[in-house]
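Hi everyone, thanks for coming.

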Amino acid sequence: EEEFKWLLQEEVHAVLKQLQDILKEASQRFTLPASGSGGAVKQENFVLSTSGTDQVKGVLTLQGDALCQADVNLKTPRNNQLLHFAFREDKQWKLQQIQDARNHVNQAIYLLMNRDVNYQFKTGSEVLKLMDAVMLQLSRARNRLTTPATLTLPEIASSGLTKMFTPALPPDILVNFYINLNKLCLTVYQLHVLQPSTTKNFKPAGGSILHNPGAMFEFGNQRYEVSHVHKVECVVPWLNDALVFFTVSLQLCQQLKDKISVFSSYWNYRPY
């Protein structure tokens, strides 16, 4: 029981302090100034391409959780035509995944700091409950980066992203940006119109992170089929750092939970 008291009064606080420090580092990686600090978020340029093919090349400028510039070159396989389109100057594209992940990290930090500096934990279950709440926020933060949203092709076609470019995207081109793990990804879909006389059995595709050639959909009274898919990506180093911090923090939480559980099962501790 003395060991368990020491664990509750000393080690728990040491672990919570360690978690706070790691998660503050993780939060800072999202490069957004604290509210009221007034500092501008730095802009970072990323070149997205695939080795062995120059079909699509993109230069994206990321500023915190927003793509503030995008410059895309597409060489169409059908006629080898070179298309170029870029964001309009008055447009930015919010990457909701980054915004959500940052919010979950900050919520985890709030949970860890939301008590008086002299607070003493009285029971193991109190610590377990706190660890579960922190781990839930960290898991959600990680999942937002590792699991992009599934979208149908009509959802991509009708998203605000299609209206961000100058010159305007041709009707047979769709684009999508998203985060996958530590990577910034750009997918370009080339389409062809399915004629009413076609003998193809029309079957609209459902939601997916990445649609394959042959996927069909209906949009604006017109039926389309995906003819070519180009996916380019590049690593965002600070996203990589954030994911490592999430993993380390989750391990720390689990280790503390395991210690508490071992003591609780042996002594079923009750405070005097």
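Is the crossing of helix 1 and helix 2 left-handed or right-handed? Keep in mind that this is a predicted model. The answer is that helix 1 and helix 2 make a left-handed crossing.

Let's find those two helices. Helix 1 covers residues 2–29 and helix 2 covers residues 96–113; their axes come within 10 Å and cross at roughly 155 degrees. Because angles over 145 degrees count as roughly antiparallel, helix 1 is roughly antiparallel to helix 2.

Now, who touches whom? On the helix 1 side you'll find, among others, Leu16, Leu19, Leu23 and Lys24, and they face a group in helix 2 including Val105, Ile109 and Met113. Sorting the residues of this contact gives nine nonpolar, three polar and one charged.

Next, please turn to the other neighbour of our story, helix 3. Helix 3 spans residues 124–146, and its axis lies 8 Å from that of helix 2, at an angle of about 165 degrees. Helix 2 and helix 3 are therefore roughly antiparallel to each other. Their crossing is left-handed.

What meets what here? Helix 2 contributes residues including Gln96, Asp100, His104 and Leu111, while helix 3 contributes residues including Leu130, Val134, Arg140 and Leu145. This contact divides into 13 nonpolar, five polar and three charged residues.

Technical notes. Residues numbered from 1 in each chain as written. Predicted model: local features only at pLDDT ≥ 70, side-chain atom pairs only at ≥ 80, totals over all residues. Heavy atoms only, no water. Axes fitted to C-alpha atoms, helices over the stretch in contact; angles between N-to-C directions. Helix = DSSP H or I, 4+ residues; strand = E, 2+ residues; numbered from the N terminus. Parallel < 35°, antiparallel > 145°, perpendicular 65-115°, else oblique. Left-handed = near helix turned anticlockwise from the far one by under 90°. Contact = heavy atoms within 4.5 Å. Nonpolar A, V, L, I, M, F, W, Y, C, P; charged D, E, K, R; others polar.
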